[in-house]
Structure formats: C-alpha cells, structure tokens
Amino acid sequence: MTTGSSLTDQFRCLQRVLLSAMIISFVSIDAYAQAVEAPSEIPTRTVSFTTTEGTALGFDISPDGETIVFDLLGQLWKLPIEGGEAIPLTNAVEDLAEDLDPNFSPDGAWIAFWSDRPEGRGIYIIPAAGGTPRLLPGTETRPRVYPHPAWSTDGERLAYILNNELHIYHFDRDTTKYVELTDRPDGRLEHPAWLPDGRLILRFSQARVRLVTPEGPLWFVNPETGEGEELPTKGLSVLAPSPSSDGSLLTYFAQDEGGEIQLWVQDIDNGSPQ
C-alpha cells in the first residue's frame, strides 16, 4: 500500500512537471512570436551621406565614350563622362549582393560584372540601360574570388580567370571553355584583355598580396590553342594592362624610377614604354 501510494505520488509529480513544461513552452513560443513581430514596430530612419572616394574601384568607359560605369558600396553606378549625378544601376541592399568589376560590351548594350547574389556567386550580365542581371552558367566562383571578366572585341566571348586558369564563355553556345596555357610562367593569372586580332593579353603576378605592385610578365595568348609569347615592357612591373581599340597601343600602370605609380603607354609592336 505504501509502495503504491509512493508510485502514485511520483506519477502525479511527473504530470505536474510535464504540464509546467508545456505551459512554459507555450509562453516561450508566444514570447518568441512577439519578439519576431517586434522589429516591425521599431521606428527606422534613412542614413544618407555624400562621398567622393572609394577603395579599389572597378570601372569601365562605354564604347561611345559618354558614360562611366563603376562599383561603389557594393553596387554599380553610371556617371556621365563629364561628371554629374551618379545613377544606381543595381541596389546592393535590395539585391542582397555585392556587385564589382563592371565591363561594357563592345556595342555598349551590356555590362558584365562579378556578384555574390542569392542566385549564385559568379559573372553576371545586365542591360546597360538597367534591368534584371543574369548569371552566366559555368562562371560560378568561390567567395571573394574576382574573375576580371573581359569582352572580346566582337562581343561573342567573355574571358575570365577562375582557379588561376583562363576560361572563356561563348554566348552563342551558352557554355564555358577552359583554355590550357602552354609553357605558362609562374604566378597568379590576372586581368585578361582582348586585342582586335583575337589574341588575349594576360598578366602573371608573382606578388603574394593584392594591390602591391607585382613582379611578373605580360603575355600574348592564342585563346584557341593556349600558345603564347611574352610581351616586353622594358622591365616594368605592370598593373591593369588595357589595349587601344585598334590594338596598336597598350596602356597600364607601373612604377617610375622614384617608385611612384604612373600611367604608361607603349607601342605593342616595338615595346617602348613612355
């Protein structure tokens, strides 16, 4: 009899514990629901500011020479070449994205850029007049890996760097091709640029830290065969090489004798930087 009463008391005690736990759970759930709804009741404010500077800005000039596209605060902006009001092309907050390194197509109708949007992290294109960005298949990258997309002069291909390798996206096929480089020099592959004759200029950086003037050569590369040859720059360590529209000149940044970064131009054929 004593044992039965003890078991009954223990059972009732367990019931009370479980009932208390259920009540606490319902209260916790209700409190959590109120907490989730609470932010909508918190007043918000808009923070506005004006800036004339940015860090490591990526930019490009439209083929007609009238518009600059650049990235700032994780989104793309368009600006008249003579200056004025910058117009946002994308919205970093609404898009939940960081958009970087824009590049106009040769006809000026499209802009290629890198982004880490919810649809995927890789190279996107967007109409230059504005619209919905589209992720190019096969261009997906790891976080904080910038492929430096570059349009071919005919607008049919897009060269980019992924895993220190050259890849080319073909718009007519909607596919990406890996290009194996023969006898390539050591270093990190960066900043592809197209020549009108269909060749690519590639830069091989041997610097371990980005934004540091690198050691390393420039190369001409055949995108079909991967064969290449060095482009002489008279010993200069080159940053951001960019050929002229007719392919006769090459501009880039490099240090002068005093160690200052300057803008240089050279004839591609004879290689005499000035």
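Leu162 sits opposite Glu165 of strand 11. The model is predicted: local features need pLDDT of at least 70, side-chain atom pairs count only at pLDDT 80 or more, and totals for chains, interfaces and linings use all residues. Residues are numbered from 1 along each chain as its sequence is written, and side-chain values use heavy atoms, without hydrogens or water.

Strands 10 and 11 pair in the antiparallel sense over six bridges. Pairing requires at least two DSSP bridges between two strands. Strands are DSSP E runs of at least two residues, numbered from the N terminus. Four of them form an open antiparallel sheet, in the order 9-10-11-12.

The largest nonpolar core has 14 residues. Such a core joins buried Ala, Val, Leu, Ile, Met, Phe, Trp, Tyr and Cys residues through side-chain atoms within 4.5 Å; buried means under 20% relative accessible area with a 1.4 Å probe, protein chains only. Leu166, Leu181, Leu189, Leu200 and Leu202 have the most contacts inside this core.

Strand 14 gives the most, with three residues. Beyond its neighbours within four places in sequence, Leu181 is in contact with Leu166, Leu189, Leu202, Phe204, Val221 and Gly226. Contact means heavy atoms within 4.5 Å. A second, separate core of 13 residues includes Phe220, Leu236, Val238 and Ala254.

Note on methods:
Buried means under 20% relative accessible area, exposed over 50%, partly exposed in between (1.4 Å probe, protein chains only). Helices (H or I, at least four residues) and strands (E, at least two) are DSSP runs, numbered from the N terminus.
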